[in-house]
Amino acid sequence: MDYKKAGVDIEAGYKSVELMKKHIAKTMRPEVLGGIGGFSGAFSMNAFKNMEEPTLVSGTDGCGTKVKLAMIMDKHDTIGIDAVAMCVNDIACAGAEPLFFLDYIACGKNYPEKIAEIVSGVAEGCVQSGAALIGGETAEHPGLMPEDEYDLAGFAVGVIDKKDLLTGEELKPGDILIGMASTGVHSNGFSLVRKVFEMTKESLDTYYDELGTTLGEALLAPTRIYVKALKSVKEAGVRIHACSHITGGGFYENVPRMLKDGTRAVIEKNSYPVLPIFDLLAKTGDIEEKMMYNTFNMGLGMVLAVDPSDVDKTMEAIRQAGDTPYVVGRIEAGEKGVTLC
């Protein structure tokens, strides 16, 4: 008896690392110390020593049951973008710059080419957000997970000068809410999605005219990363008053998280286009409207509040970063919460 016969292939692990090195190399930043393969990742903070009070901001998340679709479709090169996006978007909500990311892949059996494909997506997410991929772990779990299944999660760290931290305390009635378009369902609500649609290769390969693509491609579209757009707004000289990443819990859970007591967000549902995938979900699953807005992003992945005088400058900065902005509402005085009208 040896480790391989017990279900853990050490040689496959070595091969996975070799195959992923070329993807990891694309994410490197000058602050990264050492290479891949050590027991830890090192990152110099020297570049941030001129900040008055450098403050670390962290985030950890996964892709939820969206990985099930990747496995059914046998397409693994974008799910890593989702893992990165879920972490770095949260960090960017605080106004921070993501610095580095680490991934964790748990699998029933290590297939090196598949693992490298997953990591290629992680690396792409890091490139999009400017974060370095400085480490990770691939763990074989024979007997705990089926051989062809895996799960993916990650952890990111960012930095910001404490005085620039977005806490929502600057929010005030009269502020304007600007939303940024999502690419689809992103990485939340897939437990409901998998109840609405049949999770088979045939079903996911079905083409829908209203989607302009197959169901699987629409659902697997990677989560949009908003780091560069928020950085562009900051560089334009705009002080964002509050920011919310629209993830699990949709509008009703996430928008109040950006508010301070005594303020209420009012969002106009017809102020931006709801993506066709959400209309199809609601119709096929007979899901009531409030539940849709309480589960999904409905076409807006990020919402931020700015002073009315900064709206035009903010919209232009977002467009310059390649994202699509909409004026979607306002902040009013009132009980902390959100009104959709």
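Residues are numbered from 1 along each chain as its sequence is written. In this predicted model local features need pLDDT of at least 70 and side-chain atom pairs count only at pLDDT 80 or more, while totals for chains, interfaces and linings use all residues; side-chain values use heavy atoms, without hydrogens or water.

**Domain interface**

The domain assignment (bounds from an automatic or database assignment) gives domain 1 (3-164) and domain 2 (175-340). Contact (heavy atoms within 4.5 Å) involves 28 residues from domain 1 and 30 residues from domain 2.

| Property between domain 1 and domain 2 | Value |
|---|---|
| Separation of centres, over C-alpha atoms | 25 Å |
| Buried area | about 2500 Å² |
| Share of buried area from carbon and sulfur atoms | 67% |

Buried area is the accessible area (1.4 Å probe) that two parts lose on being put together, summed over both. Lys66, Leu69 and Met73 supply 24% of the area that domain 1 buries against domain 2, more than any other three residues.

**Helix 12**

Helices are DSSP runs (H or I, at least four residues) and strands likewise (E, at least two), numbered from the N terminus. In helix 12 (residues 311-320), Val311, Thr314, Met315, Ala317 and Ile318 are buried (under 20% relative accessible area, with exposed over 50%; 1.4 Å probe, protein chains only). These buried residues fall within an arc of 165 degrees seen down the helix axis (directions from the axis to the C-beta atoms), so they line one face of helix 12. Exposed Asp312 and Gln320 lie on the face turned away from the buried side. The buried residues pack against strand 7 (176-181), helix 8 (227-235), strand 12 (300-306) and strand 13 (325-333).
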